[in-house]
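Here is a briefing on one protein model. Look over the sequence and the fold before reading on.

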Amino acid sequence: MEKSKILVIGATGNLGYHLAEASLRFGHPTFALGRDSAFSDPIKSQKLHSLSQAGATLLKGSLEDEASIAEAVRLVDVVICAVSAKQIQHQKLLIRLIKQAGSIKRFIPSEFGSDPTRVWLPELDNGYNFYTTKVEIRRLVEAEGIPYTCISCNFFMSFLLPSLVQPGLEAPPRDKVTIFGDGNTKGVFMKESDVAAFTISAVDDPRTLNKVLYLRPPGNVCSLNELVEMWEIKIGKKVEKLHVSEGELLQKIKGTSFPANFEMLFIYSAFIKGDHTYFDIEPSSGVNGTELYPYLKYITISEFLDTLV
């Protein structure tokens, strides 16, 4: 079967670059869209050069530039949007242009985190508007009848895991750690390059059409207690454990303004409320990535921690 032509919007970003790389690796004709400014930025221009060398077609444009997006959409079969949380609303123009083109076989909007329809934090309205926005975008895609797949990969391994889920730290502690709540609620971590591989595997798969692809691979679903125990084994010593209750964490979050409290917000969502894992995947609306693609290799939490020892 002929491989779909894929457009990656946000191709110089943390995830977008991996998506473009994976698209090329899996043999898809790949178009990488970057802002004008990206072509002169030292780091982003190097990413674009690398993608070009690997066979990608580079395009200039942004979600605010209707002409460039319309032209890019006309070139491809699949559109993957990997813009930052601040740009989620800007996908509305993209959705209108995809609808007008009528030729896109699959749209993957910029979700790539917790399933926003499953996050329930009534006690924390402030600072969680980006979940509301992601739900709004998904509902708009559904209402327009655009064929889609949403990717729920939960946390990237570059976020929180390098500090052993300790807000404000950049490296894992070796003497004392803070456990939030009872430490038994499980969260999910995925390496960005692995998220990209699962995403590209899904674009031409009829089983993922109009569904959420959930990533919860064995070895990547872990509680704070399990995480600390794993770390203790790797460093060969016990660490002191300090406990912060749900109420105490809530007070800390409310006493700090957004975005300074964003790490604590995400810890509360995943490791107190269980937003990554409290629900079963419903076959009518979701599929399990590791069940669909058992052949895909991925980095486990334990393997990632090995790099930090």
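In what order do the three strands of the open sheet with β6 run? The order is β6-β10-β13, and the pairing is parallel. The model is predicted. A second open sheet has five strands, in the order β3-β2-β1-β4-β5.

- Strands β6 (149-152) and β13 (286-288) are the edges, and each pairs on one side only.
- From one strand to the next, the twist averages 25°.
- β6 and β10 (residues 211-214) run parallel and are joined by four bridges.
- Across that pairing, Ser152 stands opposite Tyr214 in β10.
- Tyr214 also has a charged neighbour: Arg216 lies over the face of its ring, 5.8 Å from the ring centre.

- β1 and β2 run parallel, joined by four bridges.
- Leu7 has Phe31 in β2 as its bridge partner.
- The chain goes from β1 through α1 to β2, a β-α-β crossover that is right-handed.
- β1 also pairs with β4 in the parallel sense, over four bridges.
- There, Ile6 has Val78 of β4 as its bridge partner.
- Val78 in turn stands opposite Arg106 in β5.
- β4 (residues 78-81) and β5 pair in the parallel sense over three bridges.

- Are the two faces of β1 covered or open? Both are covered.
- Ile6 and Val8 are buried on one side, Leu7 and Ile9 on the other.
- In a regular strand, side chains alternate between the two faces of the sheet.
- Helix α1 (residues 16-25) lies across β1 (6-9), β2 (30-34) and β4.
- The direction of α1 is at about 165° to β1.
- Helix α3 (residues 66-74) packs on the sheet too, touching β1, β2, β3 and β4.
- The direction of α3 makes about 150° with that of β1.

**Aromatic pairs and cluster**

- How many aromatic pairs does the structure hold? There are twelve.
- One of them joins Phe155 and Phe266: the ring centres are 6.1 Å apart and the planes meet at 80°, so the pair is edge-to-face.
- Phe155 is in strand β7 (residues 155-156) and Phe266 in helix α9 (residues 262-272), so the pair ties together parts 111 residues apart in sequence.
- Phe155 and Phe266 are both buried.
- Phe159 and Phe262 form a stacked pair, 5.8 Å centre to centre with 25° between the planes.
- Why does Phe159 count as buried? Its relative accessibility is 19%, and the cut-off for buried is under 20%.
- Phe262 is partly exposed, because its relative accessible area is 33%.
- Phe155, Phe159, Phe189, Phe262, Phe266 and Phe271 form one aromatic cluster.
- Elsewhere, the charged end of Lys60 sits over the ring of Phe39, 5.0 Å from its centre.

- Where is Asn261 found? It is in the loop between α8 (246-254) and α9.
- Asn261 has a relative accessible area of 4%, so it is buried.
- Beyond residues up to four places away in sequence, Asn261 touches Ile253 and Thr256.
- Thr290 is in helix α10 (residues 289-292).
- At 16% relative accessibility, Thr290 is buried.
- Which residues is Thr290 in contact with, leaving aside neighbours within four places in sequence? They are Phe198, Arg216, Pro217, Pro218 and Tyr298.
- Arg216, one of these contacts, is the residue that lies over the face of Tyr214.
- The C-alpha atoms of Thr290 and Ile104 are separated by 26 Å, and the two residues are 186 apart along the chain.

Definitions and conventions. Residues are numbered from 1 along each chain as its sequence is written. This is a predicted model: local features need pLDDT of at least 70, side-chain atom pairs count only at pLDDT 80 or more; totals for chains, interfaces and linings use all residues. Side-chain values use heavy atoms; hydrogens and water are left out. Two strands pair if DSSP finds at least two bridges between them. Contact means heavy atoms within 4.5 Å. Axes are lines fitted to C-alpha atoms, for helices over the stretch in contact, and angles run from 0 to 180 degrees between N-to-C directions. Rings of Phe, Tyr and Trp (its six-membered ring) pair if their centres lie within 6.5 Å; planes under 30 degrees apart count as stacked, over 60 as edge-to-face and the rest as tilted. Buried means under 20% relative accessible area, exposed over 50%, partly exposed in between (1.4 Å probe, protein chains only). A charge sits over a ring if NZ of Lys or CZ of Arg is within 6 Å of the ring centre and within 35 degrees of the ring normal. A crossover is right-handed if, with the strands pointing away from the viewer, the path from the first strand over the helix to the second runs clockwise.
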